Amino acid sequence: MATSKKVITRDNWEKRLNDVQIRKEDTDRLVMNFLVTEGYVEAAEKFRIESGTDPDMDLATITDRMAVKKAVQSGNVEDAIKKINDLNPEILATNPQLFFHLQQQRLIELIRHGKIEEAVEFAQEELAPRGEQNPAFLEDLEKTMALLAFKDVSKCPVGGLLDVSQRLKTASEVNAAILTSQSHEKDPKLPSLLKMLIWAQNQLDEKASYPHITNLWSASLENTAA
């Protein structure tokens, strides 16, 4: 037998939300966690002074981590690898997937700059042997080499590898690996809480009709007929 959902009016829902007490210290820690995890060292320092919230890591280590991330984002992968090894050689030594993805990014940069012969040689000497040991690596290598088959990469099915988004993806993986090596969480808590909010709303939808938060930036509630 079908049951009707409970209807919660906007006024009632807003009253319930306003009754929830959240300490400023908790929100400040969330903001600081986001800033240090994402590497906004200057903003973190200013926020520390303004809010009195101490970061849970040495801000100097953020500068080193961001130097690595910036090198990847600018396509200077060789420099990024050197900086990673200066920070902690165990990061790449114990993470073959990360090292392969960095080498793949080096290959992409060679292709981007039209260094075809050097790209082929690099793929054969550095990436092919790793691909033979791991089917996933081999598949990624084959996709990358497919870029060479098209004079107009915009027509290549994997042309997106040359997009800036690919650099950002690799840089994000590097950032997470460095954080893990420093015994810190690799992802900021704030985005996870927002995902949890969406999940909770989806679960509540089955039992009640209520004003949703549809804009996560403003946390505004949608207008309802109730």
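Is Met196 buried or exposed? Met196 is exposed, at a relative accessible area of 53%, where exposed means over 50%, buried under 20% and partly exposed in between, using a 1.4 Å probe and protein chains only. Before going on, a word about what you're looking at: this is a predicted model, where local features need pLDDT of at least 70, side-chain atom pairs count only at pLDDT 80 or more, and totals for chains, interfaces and linings use all residues. Residues are numbered from 1 along each chain as its sequence is written, and side-chain values use heavy atoms, with hydrogens and water left out.

**The overall picture**

Along the principal axes, the C-alpha atoms fill a box of roughly 70 × 50 × 30 Å.

Of the 226 residues, 32% are buried. The accessible surface of the chain is about 14,400 Å², and carbon and sulfur atoms hold 53% of that; such areas come from the Shrake-Rupley method with a 1.4 Å probe, and for residues only the protein chains shown count as cover. Take the contacts (heavy atoms within 4.5 Å) between residues at least 6 apart in sequence: 53% of them join residues at least 24 apart.

**A stretch with a record, and a loop**

UniProt lists residues 61-118 as "domain: CTLH", in an unreviewed entry. Positions there follow the numbering used here, feature names are shortened, and annotations may be inferred rather than shown by experiment. In the model, residues 61-118 are 83% helix and 0% strand, with 35 Å between the end C-alpha atoms.

Asn88 sits in the loop between α5 (77-87) and α6 (90-93), and is partly exposed at 23% relative accessibility. From Asn88 to Lys169 it's 81 residues in sequence and 21 Å in space, C-alpha to C-alpha.

**Back to Met196**

Met196 belongs to helix α11 (residues 189-204). Together with Leu190, Leu193, Leu194, Ile198, Trp199 and Leu216, Met196 forms a nonpolar surface patch of about 620 Å² accessible area. Patch members have over 30% relative accessible area and no salt bridge; nonpolar side chains (Val, Leu, Ile, Met, Phe, Trp, Tyr) are joined within 5 Å, like charges within 9 Å.

**Charged pairs**

Side chains of opposite charge can pair when their charged atoms come close. With a salt bridge being a side-chain nitrogen of Lys or Arg within 4 Å of a carboxyl oxygen of Asp or Glu, the count is 12. Here are some of them:

| Pair | N to O distance |
|---|---|
| Arg10 and Glu14 | 3.2 Å |
| Lys24 and Asp28 | 2.7 Å |
| Lys143 and Glu139 | 3.6 Å |

Arg10 and Glu14 are four residues apart in helix α1 (residues 10-19), about one turn. Arg10 is partly exposed at 26%, and Glu14 is partly exposed at 28%.

Lys24 and Asp28 are also about one helical turn apart, because four residues separate them in helix α2 (residues 24-38). Lys24 is exposed at 55%, whereas Asp28 is buried at 10%.

In helix α9 (residues 135-145), Lys143 and Glu139 are four residues, or about one helical turn, apart. Lys143 is partly exposed at 39%, and Glu139 is partly exposed at 43%. Elsewhere, salt bridges with shared partners join Arg23, Asp26 and Arg29 into one network.

Key. Helices (H or I, at least four residues) and strands (E, at least two) are DSSP runs, numbered from the N terminus.
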